[in-house]
Amino acid sequence: MAALLLSTTAVAAEDYYSGHYHCGDGPEHAYVIASDEAFSIYRRSPGERDYRGMGYSGPLAAGEIISATRNGFDGTIEAFAPDGFAIRWTSPVRIAEACDPFTVSEQPAPLATYEELRDYAAVAKPSPDAAREIDSRAENLAPVGLLPRLDQASLPRATYDAVAGYWDRHLDHYAEVARTADVADGEAAETLMVSLRDAFPIDAGPGGNLAATQPFLDAFGRIVEVAANRIEAAGHAVAPMTSVDDDTLCQIVDDGRNRTRTDDLQHLFGLPYVHWDRQLVEATIAKLETCERFGHRKADALADHYPRILALKEARVAQVAARTAADDKVQQIEDRIAEIEALPPTAESHFETRGYANEFGRPPRDPAIREAMARYREVLHDRQLASISILSRFYADNLGFEDAEILADD
């Protein structure tokens with residue numbers, strides 16, 4: 001499209017724009033088709049698939065009034081820019097004071113928005129930039145009804161599948177990073193936590209942001225939990241490595257459509273509650289209280305949640321202690337297996353081990369110990385079977401005739 005001027009110049013023959021605005025409950029997406037004398041606006045709320053449309057006829061120029069009262073929206077074209085224009089809703093139905101001006105920017109033709117997203121998602125390598133690019137392109141998809149009739153069923157589905165495939169690869173890649181990255185020293189550990197936080201932007205995700213799709217948010221939580229557990233096991237405190245930008249936190253928390261749960265805050269920060277300390281809880285409460293809409297409510301909820309966080313931390317300490325004890329037991333069993341396997345296959349070995357008797361008794365419920373015990377019993381059984389022929393030769397070589405005759409009578 002030829003550049004839009006700052007005067008009252010109208011746009012070219014037919015062009016496409018999109019942008020986001022906040023009005024009332026949360027951000028919505030606007031998709032605009034503009035021509036010389038008319039344009040149509042399609043609106044879509046987060047989580048919705050379908051657009052709601054309205055039309056307007058008249059010169060597209062700065063200061064012109066957009067009138068579509070029957071749809072609940074009036075507005076004013078405020079200014080033009082090189083690749084778009086600004087709109088302010090003025091409808092009394094939606095309370096004009098709550099509606100911020102927003103800019104719609106030039107977009108490709110409707111068909112291209114789907115084709116380009118599908119192709120990009122199919123080949124993009126997981127990264128923070130790719131995640132944001134996928135999310136941006138998905139948000140700017142044109143209404144399905146503007147696609148050629150024969151593409152309206154197949155192309156959206158192919159695009160959706162490609163995007164879903166990207167997010168699956170994104171999760172798999174960073175799960176591997178969490179499992180294998182170096183955490184030996186504090187600097188390496190902090191680098192890992194920061195990289196995972198950056199890899200899952202709060203303002204990007206399958207549903208438009210990290211908190212919009214619960215399964216994706218939960219998957220991210222499991223990934224950072226693996227990393228945090230490894231870092232803690234290496235002897236580093238994880239909580240000081242955690243932070244989140246105040247503005248993006250408030251953007252998610254204040255979006256009434258997301259209904260962010262108190263439990264979700266741990267994922268937004270990229271750290272499970274079991275690794276939070278008092279300082280991080282207090283800092284988060286202070287950040288939440290700066291949010292304009294729902295922050296105070298979430299701050300109160302987090303403060304009320306603090307006793308549960310302490311209980312989780314205590315349970316975690318007990319769990320780690322139990323795991324350490326279980327690991328020690330497994331090591332004892334494996335050491336004993338190695339000792340038995342190192343013994344020469346002789347009668348003396350049989351007698352020294354009291355016939356390769358089980359020295360550990362019945363295994364507890366812990367799966368790792370039970371597995372080690374199964375290997376231990378298998379080694380004992382194999383040695384006991386081998387002892388049958390070994391003992392026969394031993395007695396034949398060491399017992400006198402009379403003794404052997406007595407044994408035969410038995």
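Analyst: Buried means under 20% relative accessible area, exposed means over 50%, and partly exposed lies in between (1.4 Å probe, protein chains only). The model is predicted: local features need pLDDT of at least 70, side-chain atom pairs count only at pLDDT 80 or more, and totals for chains, interfaces and linings use all residues. Residues are numbered from 1 along each chain as its sequence is written, and side-chain values use heavy atoms, with hydrogens and water left out.

User: Why is Phe-351 called partly exposed?

Analyst: Its relative accessible area is 42%, which falls between 20% and 50%, so Phe-351 is partly exposed. Phe-394, at 24%, is partly exposed by the same rule.

User: What makes the pair of Phe-351 and Phe-394 edge-to-face?

Analyst: Rings of Phe, Tyr and Trp (its six-membered ring) pair if their centres lie within 6.5 Å; planes under 30 degrees apart count as stacked, over 60 as edge-to-face and the rest as tilted. The centres of Phe-351 and Phe-394 are 5.7 Å apart and the planes stand at 75 degrees, so the pair is edge-to-face. This pair links distant parts of the chain, with Phe-351 in helix α10 (residues 347-352) and Phe-394 in helix α11 (residues 367-398), 43 residues apart. Helices (H or I, at least four residues) and strands (E, at least two) are DSSP runs, numbered from the N terminus.

User: How many aromatic pairs does the structure hold, and how are Tyr-166 and Trp-167 arranged?

Analyst: There are nine aromatic pairs. Tyr-166 and Trp-167 form an edge-to-face pair, with 5.2 Å from centre to centre and 70 degrees between the planes. Tyr-166, with a relative accessible area of 0%, is buried, and Trp-167 also counts as buried, at 5%. Both belong to one aromatic cluster, together with Tyr-174, Phe-200, Phe-216 and Phe-220.

User: How do you know that the charged end of Arg-137 sits over the ring of Tyr-120?

Analyst: A charge sits over a ring if NZ of Lys or CZ of Arg is within 6 Å of the ring centre and within 35 degrees of the ring normal. The charged end of Arg-137 is 4.6 Å from the centre of the Tyr-120 ring and is assigned as sitting over that ring.

User: What makes the link of Cys-250 and Cys-291 a disulfide?

Analyst: A disulfide is a pair of cysteine sulfur atoms within 2.5 Å, and the S to S distance here is 2.0 Å. The link is left-handed, with -80 degrees about the S-S bond. Cys-250 lies in helix α6 (residues 246-253), whereas Cys-291 lies in the loop between α8 (278-288) and α9 (295-342), 41 residues apart. Both cysteines are buried. A search of the whole structure finds one disulfide.

User: Why is α3 called roughly antiparallel to α4?

Analyst: Axes are lines fitted to C-alpha atoms, for helices over the stretch in contact, and angles run from 0 to 180 degrees between N-to-C directions. Angles under 35 degrees count as roughly parallel, over 145 as roughly antiparallel, 65 to 115 as roughly perpendicular and the rest as oblique. Helix α3 (residues 154-180) and helix α4 (residues 186-199) pack at about 170 degrees, with their axes 11 Å apart. The two helices are therefore roughly antiparallel.

User: What makes Thr-284 buried?

Analyst: Its relative accessible area is 0%, under the 20% limit, so Thr-284 is buried. Thr-284 lies in helix α8.
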